[in-house]
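Open your viewer and keep the selection tool handy.

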Amino acid sequence: MPESSILWQNEAKTVVLLDLPRSIEEAQYLSDKQMLSGRKPPDTTAPFRRLICSPAPEQPFVTPEPKSSNYAQSAISPAAQIAELMTMASVKSALDEISTSYQGPWCLPRLTSKPLAPVESKQIATQPEETAVPPKSTSTPTEPNPPPKATEDHSIIPTNQVDTPDSPYHPPNSHPLTGPFPPLSQTFSLILLDPPWPNRSAKRKRSSPAAYTPLPSLSSTHSLLSSFQITTLLSPDGLVAVWVTNSPRFTTLLLNDIFPYNWGIELVAEWTWVKVTSRGEPIVSLGSQWRKPYERLLIARKKGACAGAGGVKNKVIVSVPDIHSRKPNLKRVFEEVLPRGYTALEMFARNLTAGWWGWGDEVVKFQGGEYWAQEEVVEGEEVVGREGDLQENREEKTAGSARLEEDIAGNLSQIVQPG
């Protein structure tokens, strides 16, 4: 098995540097912590699957800012501004800790196009070249092995036994579901949701292979989330984790309505996913008003449930981002807070995870052969992710830290003081 997706974490495991593509690659295999005691350990001899990625960004993105200097005060409440500053401070502290304690790269080398499979010399004249993946398709291709379809009663999609270039790969013990959410008789130790929150940016990026259709409004989001019977699906000491964008109204919807009244759960921790460049700088300025370099994962459990050994701590998870909307797979991180042999359900999934159930309209979207390559094929091939550029020197780190401090100080001065 190649290098772990967890490149570094502090002793308390509250700050984690994670390689995003490797986390998804690892999730295609069962880990020993997913196996019940006494079961046969997972097979690690099979060729390792590599994910086709976008190049790791080396410089922060330039983000336009509102013309009015009063935008921050008028857009969100003082309480939301203070919460935002607290997140910014924890992000800065985490990046400083990584820079001080870790001297390695901020991400692993990436495979940014699919290498040509070796062919016999007599085939070279007629063998078409394979294009970079993922492609931007403008028409519907002919599929010799079309993706499996859901049955009319929304049962599990049949697992393909043969992994062909056009068929989605199904990790071991994965259970993909599609169609309307079906009634399930079992419960789960973890229910992970990544709802398609209303998002203007997502609408503008529909031409991207990773584009998705966001929900049209806050009310439609409320209707959809409240329709899920999370309480009956969650084990007594299980966790619910929901990805949420940085709009305060979405957090308010979850914490003040969906969590307590519809799902019967309460917040126990927040994990912040910070997106950085290959040099360790936030992908956009922390002081940006229209876009933030982080997203949050709200973690909750049933009211009055046992917190387990030490409970769930707040975390800052740092990684270099990949294609639009692709999030890190947190299977390894959750294994540290869940019992051995746990069960998990991912809702609104676009990838499959070994040992997990997954549900969504695009549950096998990124499992297709065009998004993957076998390690035995790419061995020796050039990959993007220059090692020298990933080793950030001390002067760059110090400069980046100073910029973060300026961002926080600038925003602090704009908080609306109570009358």
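Start with the largest nonpolar core, which has 30 residues. A nonpolar core here is a set of buried Ala, Val, Leu, Ile, Met, Phe, Trp, Tyr and Cys residues joined through side-chain atoms within 4.5 Å. Buried means under 20% relative accessible area, exposed means over 50%, and partly exposed lies in between (1.4 Å probe, protein chains only). Select Leu190, Trp271, Leu297, Ile299, Leu330 and Phe334, the residues with the most contacts inside this core. Contact means heavy atoms within 4.5 Å. In soluble globular proteins, nonpolar side chains tend to be buried together.

Before moving on, a word on what you are looking at. This is a predicted model, in which local features need pLDDT of at least 70 and side-chain atom pairs count only at pLDDT 80 or more, while totals for chains, interfaces and linings use all residues. Residues are numbered from 1 along each chain as its sequence is written, and side-chain values use heavy atoms, with hydrogens and water left out.

Now colour the elements that give two or more residues to the largest core: strands E2 (15-18), E5 (188-193), E6 (234-244), E7 (265-275) and E8 (294-302), together with helices H1 and H8 (331-334). Helices (H or I, at least four residues) and strands (E, at least two) are DSSP runs, numbered from the N terminus. The protein has eleven helices and twelve strands.

Next, zoom in on Leu190. Leaving out residues up to four places away in sequence, Leu190 touches Leu239, Ala241, Phe334, Leu338, Thr343, Ala344, Leu345 and Trp356.

Go on to Ile98, which lies in helix H3 (residues 78-101). Is Ile98 buried or exposed? Ile98 counts as buried because its relative accessibility is 0%. Show its partners too: beyond four places in sequence, Ile98 is in contact with Trp8, Val15, Leu17, Trp106 and Val318.

For a wider view, zoom out to the whole chain. Buried residues make up 48% of the 419 residues in the protein. Among contacts with a separation of 6 or more, 77% are between residues 24 or more positions apart.

Now visit some loops. Lys313 is in the loop between E8 and strand E9 (315-319). With a relative accessible area of 46%, Lys313 is partly exposed. Lys313 touches Ala12, Thr14, Ala269 and Trp271, not counting residues up to four places away in sequence. From Lys313 to Ile299, 14 residues apart in sequence, the C-alpha to C-alpha distance is 9.7 Å.

Select Lys13 next, in the loop between strand E1 (6-9) and E2. Lys13 is partly exposed, with a relative accessible area of 34%. Its phi is near 60 degrees, a positive value in a residue other than glycine. Asn173 also has a positive phi, of about 60 degrees, although it is not a glycine. You will find Asn173 in the loop between H3 and strand E4 (175-177).

How many cavities of 30 Å³ or more does a search of the whole structure find? The search finds two. On a 1 Å grid over the protein atoms alone, a cavity is a set of points where a 1.4 Å probe fits but cannot get out, and lining residues have an atom within 4 Å of a point. A volume is the space filled by probe spheres set on the points, which are joined across faces, edges and corners.

The largest cavity holds about 50 Å³ of space. To see its lining, select Asp19, Pro21, Arg22, Glu25, Arg50, Leu51, Cys53, Leu108, Pro109, Arg110 and Leu111. Helix H1 (20-26) gives the largest share of this lining, three residues.

The second largest cavity has about 30 Å³ of space. Its lining is Ser174, His175, Glu346, Asn351, Leu352, Thr353, Trp356, Trp357 and Gly358.

Finish by colouring by pLDDT, the predictor's confidence in each residue, from 0 to 100. The mean pLDDT of the protein is 78, and 68% of its residues reach 70 or more. Over residues 415-419 the pLDDT is below 50, and beyond near neighbours in sequence this stretch has six contacts in the model.

Conventions:
1 Å grid on protein atoms, 1.4 Å probe; cavity = no way out; pocket = protein on both sides within 12 Å on 5 of 7 lines; lining within 4 Å.
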